[in-house]
Amino acid sequence: MTKSSANPGNPFTRTLPLTREFSNVPLIGMLNLTDADADPQYQIGDSIRNFQTAGKEFVTLVINDNSMRQAGIIKSDYLTVNLKSNVQDGDLTVVRLGERLYVRQFFRQSSTLIRLQTCDEFPAVLVIETKTPDFEIIGRVYSLSRKIVP
């Protein structure tokens, strides 16, 4: 597609070249932000590792609770996670601790310590060493989508 020269000032009548096509981002499952109601039989971390191994850049998770409401993330939201992004201080991040995944705000305390916290008035804080067994930074939250109509 190319830009139309008929009426260049009207954004509704012109077309611009396509710079990027929509890509297929896999939806891999429900994510409990807390341990409550987590299904021990379904290990979503295994699915994410499979996508990482396959070189995928993004996955989408469905949020299954309201524990990150203060950050604007509520139950049934879709979070697209960039598996290849470098995480910076203050980013919303998906981390794996054991076989559970969590969405938390990320802060680097030192070269060996990371602070993870919820986004609310009284944040639940977890300080963890980067070399803790079964701890992994999965990726940075890239986007949030929400259904407007049920």
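Trainee: Which residues form a nonpolar patch on the surface?

Mentor: First, the rule. A patch is made of residues with over 30% relative accessible area and no salt bridge; nonpolar side chains (Val, Leu, Ile, Met, Phe, Trp, Tyr) are joined within 5 Å, like charges within 9 Å. In this predicted model, the nonpolar patch consists of Leu113, Val125 and Val127. Accessible areas come from the Shrake-Rupley method with a 1.4 Å probe; for residues, only the protein chains shown count as cover.

Trainee: Where does Val127 sit, and is Val127 buried or partly exposed?

Mentor: Val127 belongs to strand E7 (residues 125–129). Its relative accessible area is 47%, so Val127 is partly exposed. The classes are buried (under 20% relative accessible area), exposed (over 50%) and partly exposed (in between), with a 1.4 Å probe and protein chains only. Of the 150 residues of the chain, 33% are buried.

Trainee: What conventions apply to the numbering and the values?

Mentor: Residues count from 1 along each chain as its sequence is written. The model is predicted, so local features need pLDDT of at least 70 and side-chain atom pairs pLDDT 80 or more, while totals for chains, interfaces and linings use all residues; side-chain values use heavy atoms, without hydrogens and water.

Trainee: How many salt bridges are there?

Mentor: General idea: side chains of opposite charge can pair when their charged atoms come close. The rule asks for a side-chain nitrogen of Lys or Arg within 4 Å of a carboxyl oxygen of Asp or Glu. The count here is two. One joins Arg146 and Asp77, at 2.7 Å from N to O. Arg146 lies in the segment after strand E8 (135–145), and Asp77 in the loop between strand E2 (58–63) and strand E3 (78–82), so the pair ties together parts 69 residues apart in sequence. Arg146 is partly exposed at 43%; Asp77 is buried at 1%.

Trainee: What does Arg96 pair with?

Mentor: Arg96 meets Glu136 in a salt bridge, 3.1 Å from N to O. Arg96 is in strand E4 (residues 92–97) and Glu136 in strand E8, so this pair links parts 40 residues apart in sequence. Arg96 is buried, with a relative accessible area of 9%. Glu136 is partly exposed, at 21%.

Trainee: How does E4 run relative to E8, parallel or antiparallel?

Mentor: Two strands pair if DSSP finds at least two bridges between them. E4 and E8 run antiparallel, joined by five bridges. Val95 has Ile137 in E8 as its bridge partner. E3 also pairs with E8 in the antiparallel sense, over five bridges. There, Thr80 stands opposite Ser143.

Trainee: What is the order of the elements?

Mentor: Helices (H or I, at least four residues) and strands (E, at least two) are DSSP runs, numbered from the N terminus. The chain has one helix and eight strands. Their order is β-α-β-β-β-β-β-β-β.

Trainee: Where is confidence lowest, and where highest?

Mentor: pLDDT is the predictor's confidence in each residue, from 0 to 100. The chain averages 75, and 63% of residues score at least 70. Confidence is lowest in strand E1 (residues 27–31), at a mean of 57, and highest in strand E6 (residues 113–117), at 93. Over residues 1–5, pLDDT stays under 50. Where pLDDT is low, the predicted coordinates should not be read in detail.

Notes:
Contact means heavy atoms within 4.5 Å.
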